[in-house]
Amino acid sequence: MKRRILCLMASLLLCGAASAQNGWDTNPNSHNWSSNTPIVATVSIEGIAQTGLTNLTLGAFAGDELRGRANVANHSVVNNSVANDQFWIQVFYNYNTTEAISFKLYDAATQTEYSTCAVTKPTQDEGWGTYANPIELNFTNAPQTETQTIVLAAGWNWVSFNVVADDLLAQLEAGLGDNGIMIEGRDGTTENLGDGFWLGDLDDFGIELNQMYFIQTTTECEIAVQGMLANSTEFEITINPGWNWIGFPMNEELTILNVEGFEPEENDLIEGSDGVAEYLGDDFWLGEIDTLIPGHGYMYFSNSNQIKTLRFQVGAKNRH
């Protein structure tokens, strides 16, 4: 019965996507992807449940790429349950890849696009939500605050950040407290002089998401910083010949440097706190590092005599 319901949903979703009218210019092309998953959702705006959905369109995205969209489901009854206050949407992806799906809501009446969304996802084995138990999407105009938590070992740690805040360095210093000894960046350092007082030229630069930092601590501890979740499509890292300090602004693991548009040179190196990997050509790296991990910082050695650009994207697909 469940499979029959999912098949019915798929046919309705595809029909809805084909006739959608909204603020996004393109339709997701189902032929570009090997798999799909159905999503049944109710929506709220600023905590107020939306029941008159005529002017609203829901889009599902991987990074900035539209993967599914639908207007309100204009079907009247499914198994004697009225579902006209729900969106039924089909999201396309490539099988065996992990992609972060986010949602946007477009209101044609006010020409407003909501891109900050909190998701309440029910536990189930197929798709996201059913007509009887939809996921809840709560959209807001306010920037969404995220917390990044990093566990530090005693001694030196290689660290990077994926949240944006003007006071990130101050948060970091306060969070370290008496456990902190020094924070070192590519352009400067700051040292803990005690009683909550830090001094150094790193204050002139602050924390940048495209850089890694060394943090020295007296003991194992945990720090948490808050800010807006980084939209990693905004971040470009310049790779110069020789050694580079690189941050990792994503909030999900990525197979080592499988980034669209970036071609390593043979014998390039990437080094982290857990080891080193060397690029041997043909998309093959050899060494202790298999994945780039959120919160970790890295050193990259480029054998090229040219300056390159490394662009991180949410949901970047692994290459094999």
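**Figure legends: overview and close-up views**

**Figure 1. Overall view of the protein chain.** Of the contacts in the protein chain between residues at least 6 apart in sequence, 71% join residues at least 24 apart, a contact being heavy atoms within 4.5 Å. The model is predicted, so local features need pLDDT of at least 70 and side-chain atom pairs count only at pLDDT 80 or more, whereas totals for chains, interfaces and linings use all residues. Residues are numbered from 1 along each chain as its sequence is written, and side-chain values use heavy atoms, with hydrogens and water left out. The protein chain contains two helices and 28 strands (DSSP runs numbered from the N terminus: helices H or I, at least four residues; strands E, at least two). Of its 320 residues, 45% are buried (under 20% relative accessible area; exposed is over 50%, partly exposed in between; 1.4 Å probe, protein chains only). The chain exposes about 16200 Å², and carbon and sulfur atoms supply 45% of this area (Shrake-Rupley method, 1.4 Å probe).

**Figure 2. Close-up of the aromatic pair W156 and F214.** The structure holds eight aromatic pairs (rings of Phe, Tyr and Trp, the last by its six-membered ring, with centres within 6.5 Å; planes under 30 degrees apart are stacked, over 60 edge-to-face, the rest tilted). In one of them, the ring centres of W156 and F214 lie 6.3 Å apart with the planes at 90°, so this pair is edge-to-face. The pair links distant parts of the chain, as W156 belongs to strand 13 (residues 155–159) and F214, 58 residues apart from it, to strand 18 (residues 213–217). W156 is partly exposed because its relative accessibility is 42%, while F214, at 15%, counts as buried.

Figure 3. Together, W156, W158, F214 and W245 make up one aromatic cluster.

**Figure 4. Close-up of two lysines over aromatic rings.** K104 lies over the face of F61, 4.6 Å from the ring centre (a charge sits over a ring if NZ of Lys or CZ of Arg is within 6 Å of the ring centre and within 35 degrees of the ring normal). K308 lies over the face of F262, at 5.7 Å from the ring centre.
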